[in-house]
Amino acid sequence: MSSYNSFAAFYDRLTENVDYKVRSEYISNFFSRHSNGGKTVLDLACGTASISEHLAKKGYNIIGIDLSEEMLTVAASKNIPNLQLVKGDMTDFSLPFKVDNCVCSLDAINHLIDFNDVLKCFNSVYYSLSDGGVFVFDVNTQYKHRHILFDNTFVFDEDDFFLSWDNNYIGNDIVEIYLDFFVFNGKNYDRFSENIKERAYSTDSIKEGLVYTGFDIIGVYDELTLDEPREDSERQYFVCRKGNNNEQDC
């Protein structure tokens with residue numbers, strides 16, 4: 001078992017505190033209010049497809065893209081109806097047809113530590129959307145990287161595995177994350193390690209990147225609300241649309 005395979009296998013358990021049903025409802029409300037009314041969705045960096053699963057229950061037809069074969073294997077095991085899974089790079093992909101909406105959730109954008117890759121991602125999404133298509137994504141904030149993750153350590157102690165999650169703030173709003181899994185094999189523990197980097201970007205830089213790509217920005221919100229982000233917001237949502245209508249939320 002590779003380290004990333006171990007991470008994929010336990011990913012859903014590590015995110016049990018995430019209410020995917022509530023999050024999917026929040027996201028789909030933006031689709032309903034602002035898109036062209038279509039029912040196709042691109043779930044970009046879909047991971048184990050937990051968001052896709054709930055969107056499928058709401059009647060959407062979904063394409064899930066992820067670069068990790070291990071994550072896609074876990075996603076496929078869920079047998080989600082109306083979901084097509086594709087291995088692909090979130091910074092450079094194309095679809096066989098235009099979709100009506102796109103979602104990129106749980107700080108996948110933060111994994112792009114070069115802003116040029118963020119722009120490439122936005123560009124690929126833009127050209128994958130039909131006219132009037134809506135793009136919803138969330139990011140961890142600079143506040144979270146500087147004050148919550150920073151140099152802190154988190155521990156997950158379960159019956160069949162132990163995880164040490166060590167963060168190292170290396171500057172420029174980049175946090176290097178060291179994951180050490182100790183997985184019980186029936187007699188003792190096997191160790192698997194993973195190293196990840198995430199970068200936080202300012203709200204203004206993300207907005208500038210979206211406008212540069214051609215998106216109209218509908219709003220930027222504090223997590224799971226319609227409120228403006230606060231100085232201490234840890235996650236914020238961006239909602240934008242391919243088109244020229246600059247309608248704003250009330």
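Predicted model: local features only at pLDDT ≥ 70, side-chain atom pairs only at ≥ 80, totals over all residues.
1. The structure holds 13 salt bridges.

2. Glutamate 223 sits in the loop between strand E10 (215-222) and strand E11 (235-242), while arginine 235 belongs to strand E11; the two are twelve residues apart, and the pair links distant parts of the chain. Glutamate 223 counts as partly exposed at 27% relative accessibility, whereas arginine 235, at 10%, counts as buried.

3. Aspartate 222 forms a salt bridge with arginine 230, at 2.5 Å from N to O. The aspartate 222 side of this pair is buried, with a relative accessible area of 10%; arginine 230 is partly exposed at 47%.

4. Arginine 146 and aspartate 173 form a further salt bridge, their closest N and O atoms lying 2.7 Å apart. Because arginine 146 is in helix H6 (residues 142-149) and aspartate 173 is in the loop between strand E7 (161-171) and strand E8 (174-184), the pair ties together parts that are 27 residues apart in sequence. Arginine 146 is partly exposed at 40% relative accessibility, and aspartate 173 is buried at 7%.

5. Strand E2 (residues 61-66) pairs with strand E3 (residues 83-87) in the parallel sense, over five bridges. Leucine 83 in E3 is the bridge partner of isoleucine 62. Together with helix H4 (residues 69-77), E2 and E3 make a unit that is right-handed.

Methods: Residues numbered from 1 in each chain as written. Heavy atoms only, no water. Pairing = 2+ DSSP bridges. Helix = DSSP H or I, 4+ residues; strand = E, 2+ residues; numbered from the N terminus. Right-handed = clockwise from strand over helix to strand, strands pointing away. Salt bridge = Lys/Arg side-chain N within 4 Å of Asp/Glu carboxyl O. Buried < 20%, exposed > 50% of the residue type's maximum accessible area, 1.4 Å probe, protein only.
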